[in-house]
Amino acid sequence: MAAHKAVGVDIGGTGVKAALVDVSTGELLSERHKVATPQGGEPEDIIAAVAQLLKELGSPDVEVGVTFPAIVRHGKTMSAANVSERWIGLEAETLFEQGLGRDITFVNDADAAGVAEQQFGAAKDQQGLVIVTTLGTGIGTAFIYRGVLQPNTELGHLQWKGEESAETLLSARARERRDLDWPDWGGELTDYYRHLELLFSPELFVISGGVSKKPEKFVPFIDIETPIAIAKLKNNAGIIGAAHLAHLSSAR
Ligand code: BGC
């Protein structure tokens, strides 16, 4: 197997993306292949989509890391927010391995993005607590303390203003659905990030997800004490983190 290459696959509520990654630099070595997340987010369909992407990449003989937008504990998916409820309690890692005919490393999507930003991006060399937030279909969070990930923090599901989950009101998709303009979204995110500040006193927030490509539209309207950094790896953080973690687990 090629020592410094791995494939990262990032499964989200809207799209499934994959690329070959140089795990020593975090750079993409291939084009990014992408398909829409199959309607309904059923396990068989998502596994088939990942198989298709690996095929498109030429099924390279390297480690493969796969992210998923749910709590992932010992390879099992323990929640399902923007995918089918059948994922709850499913032996997902094993199912992917059977469907793909190979071993994989399986992690939460925000955790993968957090690890990538810690290794190669905006959270590099930070000593205190960094909270990486992904603003996309949902809201994902990753806690990195002194360079170490504390997995499955799921702060997108804090109860918020009468809703069961903050992400229902505040994710990037919710902004579109609610037709909120960017400054108003920044204003609502201010309350959310202030709440996280109060609870956890992080040293840095990193804003990740597709919207990190246009931070000037909303980040200036987020008025908090804690510094905010924009994800350096943009929308590729999940792919890069998945590949990096797959490589690490093979080196163990
Ligand atoms: C899921 C998280 C995920 C986040 C971002 C949330 O709905 O519960 O596991 O990290 O969306 O995709």
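## Close-up views of a predicted model

View 1. In β2, the residue standing opposite Lys 5 is Asp 22. Keep in mind as you look around that this is a predicted model. β1 covers residues 5–11, and β2 covers residues 15–22. The two strands pair in the antiparallel sense, with seven bridges between them. To get from β1 to β2, the chain passes through a hairpin of three residues. If pairing is new to you, here is the general idea: strands of a sheet pair through backbone hydrogen bonds, in either a parallel or an antiparallel way.

**View 2. Strand β1 also has a parallel partner, β5.** Stay with β1 and look for strand β5, residues 63–68. These two strands run parallel and are joined by five bridges. How much of β1 is buried? Six of its seven residues are, so the strand counts as mostly covered, where buried means under 20% relative accessible area.

View 3. Is Val 35 buried, exposed or something in between? Its relative accessibility is 23%, so Val 35 counts as partly exposed. The cut-offs explain this label, because partly exposed lies between under 20% for buried and over 50% for exposed. If you set aside the neighbours within four places in sequence, the contacts of Val 35 are Gly 15, Val 16, Ala 49 and Leu 53.

**View 4. Five strands build an open sheet with mixed pairing.** Trace the sheet in the order β11-β10-β9-β12-β13. Which strands are at the edges? They are β11 (148–150) and β13 (228–230), each of which pairs on one side only. On average, neighbouring strands of this sheet are turned by 30° against each other, with direction ignored. Within the sheet, β9 (residues 129–135) and β12 (residues 204–208) run parallel, and five bridges join them. A pair to look for here is Ile 131 and its bridge partner in β12, Phe 205.

**View 5. Thr 141 is tucked into strand β10.** Thr 141 lies in strand β10. This residue has a relative accessible area of 2%, so Thr 141 is buried. Which side chain does the side chain of Thr 141 meet in a polar contact of 3.0 Å? The partner is the side chain of Thr 153. The Thr 141 side chain also reaches the backbone nitrogen of Glu 154, at 3.3 Å. Apart from neighbours within four places in sequence, Thr 141 is in contact with several residues, among them Ala 110, Val 132, Leu 155 and Tyr 192.

View 6. An N or O atom in the side chain of Asp 109 is 2.5 Å from an oxygen atom of the ligand. For Glu 167, a polar side-chain atom lies 2.8 Å from a ligand oxygen atom. For Asn 108, the distance from a polar side-chain atom to an oxygen atom of the ligand is 2.9 Å. On its own, the ligand has 310 Å² of accessible area, and the protein covers 94% of it.

**View 7. Two loop residues have a positive phi.** Arg 146 lies in the loop between β10 and β11. Its phi is positive, about 50°, although Arg 146 is not a glycine. With a relative accessible area of 56%, Arg 146 is exposed. Now find Lys 161, in the loop between β11 and α4 (166–170). Lys 161 is also not a glycine, and its phi is positive, near 45°. Why does Lys 161 count as exposed? It does so because its relative accessibility is 56%, and exposed means over 50%.

Methods. Residues numbered from 1 in each chain as written. Predicted model: local features only at pLDDT ≥ 70, side-chain atom pairs only at ≥ 80, totals over all residues. Heavy atoms only, no water. Pairing = 2+ DSSP bridges. Helix = DSSP H or I, 4+ residues; strand = E, 2+ residues; numbered from the N terminus. Axes fitted to C-alpha atoms, helices over the stretch in contact; angles between N-to-C directions. Buried < 20%, exposed > 50% of the residue type's maximum accessible area, 1.4 Å probe, protein only. Contact = heavy atoms within 4.5 Å. Polar contact = N/O pair within 3.5 Å; in protein donor to acceptor, adjacent residues only side chain to side chain. Areas by Shrake-Rupley, 256 points an atom, 1.4 Å probe, with all protein chains shown as cover.
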